[in-house]
Amino acid sequence: LGELTAGIAHEIQNPLNFVNNFSDVNAELVDELRSELEVGNTQSAVEIAKNIKENEQKINQHGKRADAIVKGMLQHSRTSSGLKEPTDINALCDEYLRLAYHGLRAKDKNFNTGIKTELDNSIGKINVIPQDIGRVILNLINNAFYAVDEKKKQLGDGYEPMVSVSTKRNSGKVEIKILDNGNGIPKKILDKIFQPFFTTKPTGQGTGLGLSLSYDIIKAHGGEIRVQSNEAEGTQFIVQLPSV
């Protein structure tokens, strides 16, 4: 609990420091702006106003970062009010795969990747909280899309991004696999990825709570989540859930 509290304090303090610092700078700039306007120096006043606006954008950006961290923590602490119900895992995977893809396409028209599904129709329905398992699937697919998109930006047209989702019944359990051919996860950080606040994404693009939350959800369902990754080749997340 102490480690988690320290982690929360550290993560929120960072964007709040930016907010406070830029607010202080803007207060000084407003005084400068008033002085320049009083002597009729409009050119300097325009430049100062431009700086104030840029700082306001940074305040907004870091404020949203702090907001995302708090929302993520609330999701972590919230006990699900959902009830387990017979759920078609294949339909859930298919639905969230398309949801994630079209969601990213709406944000970035240049985003494009190959998609492959291999869904075992013999699975039938299993008892899960569909909203929670859907959140896990969506998070893993979004991470896969992010990984292949980053690699595409690096390698260009010589690289063909691919994300595949498969399901199967295995030793009395239902297995969901989400595979990407992105850059992979370095071995030295592979054992940290399920820790709260750990992220490989740049500041502002991830809170480091998605995989931690996914881990908690799968454990609460009596399941298991693990990862296999090869640097420069790609990553595979495997989710196992009880089949009853």
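**View 1. Phe18 and its aromatic partner Phe22 in helix H1 of the predicted model.** Phe18 is partly exposed, with a relative accessible area of 34%, whereas Phe22 is buried, with a relative accessible area of 18%. The two residues form a stacked aromatic pair, with 6.3 Å from centre to centre and 20 degrees between the planes. Both belong to helix H1, which covers residues 2-38, and because they are 4 residues apart there, about one helical turn separates them.

**View 2. The aromatic cluster formed by Tyr101, Phe111 and Phe145.** Tyr101 and Phe111 are both buried. Their ring centres lie 5.9 Å apart with the planes at 55 degrees, so this pair is tilted. Because Tyr101 lies in helix H3 and Phe111 in the loop between H3 and strand E2 (114-119), the pair ties together parts that are 10 residues apart in sequence.

View 3. Leaving aside residues up to four places away in sequence, Ile89 touches Gly124, Ile126, Val128, Ile133, Thr167, Val174, Ile176 and Leu241. Asn127 is 38 residues from Ile89 in sequence, while the C-alpha atoms of the two are 9.6 Å apart in space.

**View 4. The largest nonpolar core, with 38 residues.** Ile89, Ile133 and Leu241 are the residues with the most contacts inside this core. Two or more residues come from each of several elements, among them helix H3, strand E3 (125-128), helix H4 (130-155), strand E5 (173-180) and strand E7 (234-242). Helix H4 supplies the largest share of the core, 8 residues. Apart from this core lies another, of 5 residues, which include Leu33, Ala45, Ile48 and Ile52.

**View 5. The crossing of helices H4 and H5.** Two packed helices are described by the angle between their axes and by the distance between those axes. For H4 and H5, the axes come within 9 Å and cross at roughly 145 degrees, and the crossing is left-handed. On the H4 side, Asp132, Ile133, Arg135, Val136, Asn139, Leu140 and Asn143 take part in the contact, and they meet Gly210, Leu211, Leu213, Ser214, Ile217 and Ile218 in H5. The residues of this contact divide into 7 nonpolar, 4 polar and 2 charged.

Methods. Residues are numbered from 1 along each chain as its sequence is written. This is a predicted model: local features need pLDDT of at least 70, side-chain atom pairs count only at pLDDT 80 or more; totals for chains, interfaces and linings use all residues. Side-chain values use heavy atoms; hydrogens and water are left out. Contact means heavy atoms within 4.5 Å. A nonpolar core is a set of buried Ala, Val, Leu, Ile, Met, Phe, Trp, Tyr and Cys residues joined through side-chain atoms within 4.5 Å. Buried means under 20% relative accessible area, exposed over 50%, partly exposed in between (1.4 Å probe, protein chains only). Axes are lines fitted to C-alpha atoms, for helices over the stretch in contact, and angles run from 0 to 180 degrees between N-to-C directions. A crossing is left-handed if the near helix is turned anticlockwise from the far one by less than a right angle, and right-handed if clockwise. Ala, Val, Leu, Ile, Met, Phe, Trp, Tyr, Cys and Pro count as nonpolar, Asp, Glu, Lys and Arg as charged, and the others, Gly among them, as polar. Rings of Phe, Tyr and Trp (its six-membered ring) pair if their centres lie within 6.5 Å; planes under 30 degrees apart count as stacked, over 60 as edge-to-face and the rest as tilted.
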